[in-house]
Amino acid sequence: MSEWLEIGVIADIPRLGARALTINGVKIAIFRTADDEIFGLEDRCPHKDGPLSQGIVHGRSVACPLHNQVFHLDSGMGADPDDGCARTIQVRLTGGRIYIASGAGQQAAE
Amino acid sequence: MKPRLVIIGNGMAGMRAVEELLEAAPGVYDITVFGAEPNVNYNRIMLSPLLAGEKSFEDIVINGRNWYADNGIVLHMGAKIEFIDREAREVVSACGIRAKYDRLLIATGSDPFMLPIPGANLPGVVTFRDVMDVEKMLEASRTHKRAVVIGGGLLGLEAANGLRANGMQVSVIHLMPTLMERQLDEAAGYLLQRELESRGIEINTRANSKEIYGKDKAEGILLDDGRRIDADLVVMAVGIKPSVTLAKASGLTCERGIVVDDHMVTSDPAILAVGECVQHRGAVYGLVAPLFDMAKVVARQLANDADSAYSGSVTNTRLKVSGIDLFSAGDFSDAEGTEDIILRDAHRGVYKRLVLKENRIRGAVLYGDTADGGWYFQMLRDGQDISAIRDSLIFGQSFAGGGASQNPSSAVAALPDTAEICGCNGVCKGKIVTAITTHGLTSLEDVRGKTKASASCGSCTGLVEHLLALTLGDQYTAGEASKPICKCTELTHDDVRRLILARELKSIPAVMQELQWKSANGCSTCRPALNYYLVCDWPGEYVDDYQSRFINERAHANIQKDGTYSVVPRMWGGLTNAKELRAIADVVDKFNIPTVKVTGGQRIDLLGVKKEQLPDVWRDLNASGLVSGHAYGKALRTVKTCVGSEWCRFGTQASLSMGVKIEKMTWGSWTPHKVKMAVSGCPRNCAEATIKDFGVVAVDSGWELHVGGNGGIKVRVTDLLCKVETEAEVLEYCGAFMQLYRQEAHYLERTAPWLERVGLNHIREKIVDDTESRARLYARFLMSQTFVQKDPWAERASEGVHAHEFKQLAMAG
């Protein structure tokens, strides 16, 4: 089983915003919704590799900054009519602290 | 000589009859119209949105002065007719105007009913019948706090809601146990009461007004159970009665209304009557639909179609209170042999009830979801046998209608030509389709102009667009202006902009709450638009929501395809110097910036900067006086110049310094879309000013101002706005133009499409013709600028603003 690594506290991410980090050489985006839910996706749009961490977060979705394709934060799936799927990254929020699965990088890099 | 037609009454019924007449038999009569109100013909049923601030008077005008002039109609406004001399066939107004007639049409409408209680004629007691009443109420709401509305019917509730929207405390006094008891059953009345109470309107049912107290003016109301409710304004909205005084005094047969036969002719064969003032087969009407039916018959009679006859109307009602969906039609009282089908969804606040008799719909009450109102009403009017679809009838057309309307377009296609599309203006499907084909109409605006369909409350806009699409096929593309902003709302950009101001909405959550957004926190389309509208409308008050801005405006740099950014420092008017160039060169070396490029707007672009480097790059640039060039924003981008009379042998004016002054005034301003400007020093126009949003071209005697140009996908040459003489004037016109564009354009609409949408004349009227308007816009622009002219790079490089934006999350431990 993977370990959980602490990557920060919830206040580090603005509501309806995101922050990026690099783990095991892979760029990851951590999102915070209006209801303080936390989600992780690989920071790479399946369309043209745009950094999803730079997009506008709304509801449980993010719009890629390059061409405005929209992805669901929980599943990584493109929201109708957008195709493609961004890889999800397991994150956990406990007591205001954000944790990421230690193997997240490799898992995403495969 | 043509026969003379005189019309008494310049309201909806009278003018509708004239419209129908002009269509059926143009040019047959010399027409003269007398109106008691000092206004042109307006849509009286839109008084509620006028009061609530959702419409302006111009929005509710049906026929402006031009219409009368174009059709050769003589209009006397503010001229109440005192007497009809039937022997001499002549009418006389209170101010002494006389007019002979061959045919006379009485369309005096109705008068508000005043309760005969003590104090009813005190100042501060108003009715709700015309524009002047609305003005009185708005005036009261500016200076006073408390209002009482007597009457919980359609009119009273619309008045109460409007006054509440203007910030007054409102109590409604209603005699009956439930609201709108003539149109609603108890259950729907209860839902309505609960909704109004949740908006802060106090509802008192079973309350009987006894006296309006007050010394010199109304101070409150006393109920017969002894309760006293203090108020500065009392609105009496207990009903209307046909206005028959004039007809009676002239010896025409009157009972409750002016008695007419099926041909709309009164007891004098030369005189017809139409609208709320008439009584037909014992019935009087207070709604708009019957009046349209009558107007048609009147017009045909006047056009000598003696067979045309009116046989009464079945009516339906919608409450015009934003956010409350309510529909009622027909008769829903319990009677022998009637059956009910009821659907309740308490959670969604939906209630639907259909009253059937012998397998035909006899009445319908819909609350919370009225989408099928028109469908039910059509079946009710046609007396259609519904036994085949009875099982699923209550679920609406999309379910019961045989699958056709899974697709709304085919539902519209399936409607008969007689189906009413626009309830406000009584326009049926056939009329719209005919107008589209015979006049070659191609846009919603065209249809509104020609038929008035969807021109009033706008709730049938979708239906009209479907008709356009069905009739024109691929040739029709919906106009941007009439489309909702996005899937989160039904409202258009214009609607939202108007309501933000009218309801003083000052945050994105407030807009979404009050305007009933369908999503929790919007989407990437509406949020940036709302953020811009609020930034523009409430300068200094609204707190910019950076999470609703596109990444470029959050990072104050342009994102590139590889996720790096580009940095463009401002060079005022395209001017630079050795110190700035040296600083740029040093930055390029220090941060290994891969690409340096000169832009079309006379700036230098540094491409390939990593996001984490941005604050350091900016700090170095700031140190040499370079600031943000806003090349990333929906904002003033650049003012391009040529060297002008300072160097050029052809130059006529100092275009360089003019350009710098304009840029110093306008930089930092947020706009609906990017704004590019240019100043050329002579008509050779080396700065290409005539494809810019705002272009200035120097001539010998001053400056030509050009607007609405674009060098993008669709090249558009500017239109000449005007010519001015001094630099100060250039700045004033430029600031005023910026502000008008900021206030009126839709988010992401460049000046070129905006100008084509509103017309150059509109912009000229506001900026060139009207000195005061120009001064106001300019002052507003300068005021707004005081809050934004702060270098965003310096704030982030040195003051730590939004530090999280430029750093990765740190790993703990």
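**Exercise 1. Which helix gives the most to the lining of the largest cavity?**

Step 1. The whole structure holds three cavities of 30 Å³ or more. The largest has a volume of about 70 Å³.

Step 2. Collect the lining residues: B:Gly11, B:Met12, B:Met15, B:Arg16, B:Glu19, B:Asn41, B:Ile62, B:Phe292, B:Asn425 and B:Lys452.

Step 3. Assign them. Helix α1 (residues 12–24) of chain B gives the most, with four residues.

Step 4. Four lining residues are nonpolar, three polar and three charged.

**Exercise 2. Trace the pairing of strand β7 (residues 90–93) of chain B, and decide whether its faces are covered.**

Step 1. Take β6 (residues 81–85) of chain B. It pairs with β7(B) in the antiparallel sense over four bridges. B:Ile84 stands opposite B:Val91.

Step 2. Inspect the turn. Four residues lie between β6(B) and β7(B) in this hairpin, and B:Arg89 has a positive phi of about 50 degrees.

Step 3. Move to β8 (residues 98–100) of chain B. Three bridges join it to β7(B), again antiparallel. Here B:Val92 faces B:Arg98.

Step 4. Four residues separate β7(B) and β8(B), and B:Gly96 takes a positive phi near 95 degrees.

Step 5. Check burial, using under 20% relative accessible area as the cut-off. B:Glu90 and B:Val92 are buried on one side, B:Val91 and B:Ser93 on the other, so both faces are covered.

**Exercise 3. Which strands stand at the edges of the sheet in chain A, and why?**

Step 1. Write the order. Four strands form an open antiparallel sheet, β2-β3-β4-β8 (chain A).

Step 2. Read the ends. β2 (17–23) and β8 (88–89) of chain A each have a single partner strand, so one side of each lacks a neighbour in the sheet.

Step 3. Check one end. β4 (residues 38–42) of chain A pairs with β8(A) over two bridges. A:Gly40 stands opposite A:Ile89.

**Exercise 4. Where in chain B is the pLDDT below 50?**

Step 1. Start with the chain. Its mean pLDDT is 90, and 97% of its residues reach 70 or more.

Step 2. Locate the stretch. Residues 402–406 of chain B fall below 50, with six contacts beyond near neighbours in sequence.

Step 3. Apply caution. Where pLDDT is low, predicted coordinates should not be read in detail.

Key. Residues numbered from 1 in each chain as written. Chains lettered and ligands numbered in written order. Predicted model: local features only at pLDDT ≥ 70, side-chain atom pairs only at ≥ 80, totals over all residues. Heavy atoms only, no water. Pairing = 2+ DSSP bridges. Buried < 20%, exposed > 50% of the residue type's maximum accessible area, 1.4 Å probe, protein only. pLDDT = per-residue confidence, 0-100. Contact = heavy atoms within 4.5 Å. 1 Å grid on protein atoms, 1.4 Å probe; cavity = no way out; pocket = protein on both sides within 12 Å on 5 of 7 lines; lining within 4 Å. Points joined across faces, edges and corners; volume = space filled by probe spheres on them. Nonpolar A, V, L, I, M, F, W, Y, C, P; charged D, E, K, R; others polar.
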